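Keep the sequence and the 3D view at hand while reading.

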Amino acid sequence: MNGRTPDGGVPCMLMRGGTSKGAYFLAPDLPDDPAERDDLLLRIMGTPDPRQIDGIGGAHPLTSKVAVVSPSERPGVDVDYLFLQLGVDEPTVSDRQNCGNLLAGVGPFAVERGLVRAGRDRTSVRIRMVNSGGVATATFPTPGRAAGYGGATAISGVPGTAAPVDLAFEDTAGSATGALLPTGNVRDVVDGVEVTCVDNGMPVVVAAAGDLGVTGYESVPGLAADERLRERVQSLRLQAGALMGLGDVAGASVPKTTLVAPPRDGGLICTRTFIPLRVHASIGVLGAVSVATAVLMDGAVGHDLARLPPPGEAMGVEHPAGRLDVRVEFDGTSIRTAGVVRTARKLFDGTVFPRPAGVPRPADPQGGPDGPRP
């Protein structure tokens with residue numbers, strides 16, 4: 001039995017997970033049919049519209065995300081988590097990737113909704129990532145047997161501090177492509193550029209920034225204004241996507257493209273990432289894990305640029321907002337462990353009301369749905 005209200009409202013919790021923000025739902029509160037579910041979510045988010053003005057989306061891919069959570073039937077796993085990436089300008093809903101940032105909020109959400117009984121001080125929740133079949137364990141504070149959000153942990157790209165959420169990943173290699181190195185090679189030449197195609201939780205095309213005519217230290221607005229670079233990234237990822245076994249990725253959110261440069265702040269590597277064409281303000285959790293895995297490999301693009309830390313030490317993946325520390329144990333042929341510390345916070349819990357079905361968007365004489373643009 002779902003919790004939808006007679007007037008069409010849907011129970012929803014808006015949470016910040018890592019450096020993303022998304023709407024969290026219990027699966028029974030959404031339609032069983034994927035097409036009906038996706039239509040409802042698009043109307044909830046306010047897509048398609050560059051400002052998502054008639055919904056709760058934040059007008060950016062990082063804030064147009066959905067987590068669908070349910071009890072798991074898999075032995076030894078507490079909950080299932082389906083991640084859906086919703087478009088902003090275009091009415092798209094993709095389940096072709098995981099999201100490690102929203103994953104940070106899944107454990108606390110499961111406690112909030114009564115799917116998992118909280119421990120006295122800390123709780124570990126085993127989560128099946130439905131998109132890939134991999135499993136992650138989220139461990140977080142639960143003072144007084146309730147999800148706790150206050151704490152002293154800071155992560156780059158988020159103001160202030162919050163409670164830590166420790167994420168330990170299992171079975172991430174080949175999450176979307178079936179292989180850690182989807183092309184079978186450590187290094188390929190695609191569109192005239194040397195790349196490493198890797199999938200350790202997120203399919204990523206790693207290229208040296210200098211090979212695309214940039215330094216890799218540019219600001220997000222600076223990269224976003226470079227139309228020629230955008231065209232190069234699109235051509236690169238379209239061809240790499242086919243080589244990685246992902247087929248035609250023109251309308252897909254993967255693979256991501258990450259440009260790498262030598263670190264400047266004591267980290268492992270410096271990165272600038274496109275998701276898939278919009279410049280990321282930081283870097284995704286599983287994207288960072290995949291990039292770190294790539295540059296650990298002898299012969300991979302970025303290996304000669306990286307500052308490799310001593311074994312067992314966290315590796316800082318530098319990005320425009322700071323750095324993301326990840327742990328990857330790679331024995332040269334396979335991944336032993338991968339993990340990261342994130343934070344999450346409940347923003348609101350209540351009922352969201354979708355835009356009515358079939359309501360046309362107003363015409364925009366300037367080419368968008370909201371009238372003349374500023």
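In this predicted model, several helices and strands contribute to the lining of the largest pocket, each with at least two residues. The strands that do so are strand 4 (79-86), strand 5 (93-94), strand 12 (256-261) and strand 13 (269-274). The helices are helix 2 (100-112), helix 3 (220-224), helix 4 (227-243) and helix 5.

The volume of this largest pocket is about 920 Å³. It is lined by 47 residues, and those closest to its centre are Pro61, Ile275, Pro276, Leu277 and Arg278. By type, the lining of the largest pocket consists of 22 nonpolar, 17 polar and 8 charged residues.

The second largest pocket has a volume of about 250 Å³. Among its 14 lining residues, Pro310, Pro311, Gly312, Val328 and Glu329 are the closest to the centre. Strand 15 (residues 322-330) provides the largest share of this lining, 5 residues. Here the lining divides into 9 nonpolar, 2 polar and 3 charged residues.

Next come the nonpolar cores. The largest has 62 residues, of which Tyr81, Phe169 and Val326 touch the most other members. Helix 5 (residues 285-296) gives the most to this core, namely 8 residues. Which residues is Phe169 in contact with, leaving aside its neighbours within four places in sequence? They are Leu103, Met129, Val135, Ala136, Val285, Leu286, Ala338, Gly339 and Val340. Another core, of 22 residues, lies apart from the largest one; Ala240, Leu246, Phe274 and Leu277 are among its members.

Technical notes:
Residues numbered from 1 in each chain as written. Predicted model: local features only at pLDDT ≥ 70, side-chain atom pairs only at ≥ 80, totals over all residues. Heavy atoms only, no water. Core = buried A, V, L, I, M, F, W, Y, C linked by side-chain atoms within 4.5 Å. Buried < 20%, exposed > 50% of the residue type's maximum accessible area, 1.4 Å probe, protein only. Helix = DSSP H or I, 4+ residues; strand = E, 2+ residues; numbered from the N terminus. Contact = heavy atoms within 4.5 Å. 1 Å grid on protein atoms, 1.4 Å probe; cavity = no way out; pocket = protein on both sides within 12 Å on 5 of 7 lines; lining within 4 Å. Points joined across faces, edges and corners; volume = space filled by probe spheres on them. Nonpolar A, V, L, I, M, F, W, Y, C, P; charged D, E, K, R; others polar.
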